[in-house]
Amino acid sequence: ARARVHGMYNGIGLQSVRGSGTNGYVQKNMSHVPARRSRDEAKPWSMKSAPLAPRAPSAEILEHQRKREIEVQLMELREALEDKGMDEAEVERRVEEKRAALVARMERATASQGG
């Protein structure tokens with residue numbers, strides 16, 4: 001007696017679509033990486049060379065950071081003066097005086113650094 005050979009439906013191991021819960025449409029798995037390819041070969045974007053050396057920050061970025069620090073100090077001063085109950089005109093005058101002093105100090109510091 002010969003054993004009965006079961007056929008495959010569309011090469012995926014099903015005898016028929018009936019009862020499989022699918023419509024029978026078969027697609028290729030495009031995300032499958034064959035075992036013969038190593039991980040590095042599968043990822044051409046991977047860093048195979050040495051990492052890049054750290055770059056010096058841009059002068060524009062450093063200046064922007066210094067200006068932000070000045071504005072933070074001015075906001076803290078403004079809040080402290082307003083909490084003391086000082087009127088708006090006096091708060092504004094003191095903040096502007098402090099801003100002028102801080103900007104002048106920043107410009108002197110950058111000029112002495114050669115920037």
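Reader: Which residues does Arg-78 touch, not counting residues up to four places away in sequence?

Author: Contact means heavy atoms within 4.5 Å. By that criterion Arg-78 touches Glu-88, Val-91, Glu-92 and Val-95. The model is predicted: local features need pLDDT of at least 70, side-chain atom pairs count only at pLDDT 80 or more, and totals for chains, interfaces and linings use all residues. Residues are numbered from 1 along each chain as its sequence is written, and side-chain values use heavy atoms, with hydrogens and water left out.

Reader: Is Arg-78 buried or exposed?

Author: Buried means under 20% relative accessible area, exposed over 50%, and partly exposed in between (1.4 Å probe, protein chains only). Arg-78 has a relative accessible area of 17% and is therefore buried. Buried residues account for 10% of the 115 residues in the chain.

Reader: Where is Arg-78 placed, and how many helices and strands does the chain have?

Author: Helices (H or I, at least four residues) and strands (E, at least two) are DSSP runs, numbered from the N terminus. The chain has three helices and zero strands, and Arg-78 lies in helix H2, residues 59–83.

Reader: How do the axes of H2 and H3 cross?

Author: Two packed helices are described by the angle between their axes and the distance between the axes. Axes are lines fitted to C-alpha atoms, for helices over the stretch in contact, with angles from 0 to 180 degrees between N-to-C directions. The axes of H2 and helix H3 (residues 88–112) come within 10 Å and cross at roughly 155°. H2 is therefore roughly antiparallel to H3, a term for angles over 145 degrees.

Reader: Which residues of H2 and H3 make the contact?

Author: Among them are Ile-70, Leu-74, Leu-77 and Arg-78 of H2, and Val-91, Val-95, Leu-102 and Met-106 of H3.

Technical notes. Angles under 35 degrees count as roughly parallel, over 145 as roughly antiparallel, 65 to 115 as roughly perpendicular and the rest as oblique.
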